[in-house]
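Hi everyone, thanks for coming.

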Amino acid sequence: MGTRVKEILSWYASENPGVRTNLARMLNHGTLAGTGRMVILPVDQGFEHGPARSFAVNPAAYDPLYHYQLAIDAGCNAYAAPLGFIEAGAAEFAGDIPLILKMNNHDVLNDEKDPLSAVTATVKDAQRLGCVAAGFTIYPGSANAQAMYQQCREMIAEARAAGLASVVWSYPRGSSLSKEGETALDVVAYAAQIAAQLGAHVIKVKPPTAHIEQAEAKKAYDKAGVPMSTLAERVRHVVQSSFDGKRIVIFSGGATKDDDNLLFDEYRQLRDGGAFGSIIGRNSFQRKREHALAFLGTVMKIYSGELK
């Protein structure tokens, strides 16, 4: 095992051998194996956004097996999806790629201002399907956040007892936040901190903007002179807010953008800010397969440092 992976695992010294082994399986798999960087393919959008919005642009993506093969051929560190998609290919692709079972999901048929995801899978499902980790979404800022925090903490405890790692999607959203506030630097950093405090081993957040949502936080940022003019500086602050960089923090790929180069520039800034990697869904599977493979290949070269 490489020095960088050993260093990362040392930050999780209180965890049992099963959790640390499953973290190592993700970190030591795929094109970026051993670098301490990760690129993960997540495909929960069919549940979260609807099938047509997610897959119509690339009809091959309606097939759950398409995503397994894409993640494997691209050299991703792991593949994450809800119960149905994981079940559809777990036997056929057993052992080919680390799997993350998404344990809760939210649909937009009733797109409430204060979301509360439904629990849609169990740790026993994750064990049965050979997953290395369980994933859970929380919405800091929602009126239902406290219920989700409790559910998330219970999920992490149960997953830990089974030797599974935990990945937390921490997405600020709710009636107490403005739309701009959902990606504000102070709010994203706060969301990352909450996930870390709940016990997440891997934290997924959105790339932050320079907006500051909370008045009291603005005073603190101004007084401390926290750098935030570039995305790299803002990412560095979010990573710092996750136990001074001692938790794996990865950033979402966001809505589909047609211009690859704009995305590559964003990933460079994420890398330069200390991001551990990206979890890229729509910008992967909404591209045709060969385009997606080339796109993800370039992303991995950026994170490995092969491309500056």
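Let's begin with the cysteines: there are zero disulfides in this structure, a disulfide being a pair of cysteine sulfur atoms within 2.5 Å. Take Cys-76: the closest cysteine sulfur belongs to Cys-131, and at 16 Å that's too far for a bond. Looking from the other end, Cys-131 is in no disulfide either, with the sulfur of Cys-76 as its nearest, 16 Å away. Cys-76 is buried at a relative accessible area of 1%, and Cys-131 is buried too, at 5%. By buried I mean under 20% relative accessible area, with exposed over 50% and partly exposed in between, using a 1.4 Å probe and protein chains only.

Quick word on where this comes from: it's a predicted model, where local features need pLDDT of at least 70 and side-chain atom pairs count only at pLDDT 80 or more, while totals for chains, interfaces and linings use all residues. Residues are numbered from 1 along each chain as its sequence is written, and side-chain values use heavy atoms, leaving out hydrogens and water.

Now, a pair of helices. H12 covers residues 260-272 and H14 covers 289-304; their axes come within 9 Å and cross at roughly 30 degrees. Helices here are DSSP runs of H or I with at least four residues, strands are E runs of at least two, and both are numbered from the N terminus. The axes are lines fitted to C-alpha atoms over the stretch in contact, and angles run from 0 to 180 degrees between N-to-C directions. So H12 and H14 are roughly parallel; that label is for angles under 35 degrees, with over 145 roughly antiparallel, 65 to 115 roughly perpendicular and the rest oblique.

Who meets whom? On the H12 side, Phe-264 and Tyr-267 are among the residues in contact, and the H14 side includes Phe-295 and Ile-302. Contact means heavy atoms within 4.5 Å.

On to a loop, the one between helix H11 (231-240) and strand S9 (248-252), where Phe-243 sits. Phe-243 has a positive phi, near 60 degrees, without being a glycine. Most residues other than glycine have a negative phi. Asp-244, in that loop between H11 and S9, has a positive phi as well, about 55 degrees. Phe-243 is partly exposed at 29%, whereas Asp-244 is exposed at 57%.

Last stop: Gly-199, in the loop between helix H9 (185-198) and strand S8 (202-205). Is Gly-199 buried or exposed? At 18% relative accessibility, Gly-199 counts as buried.
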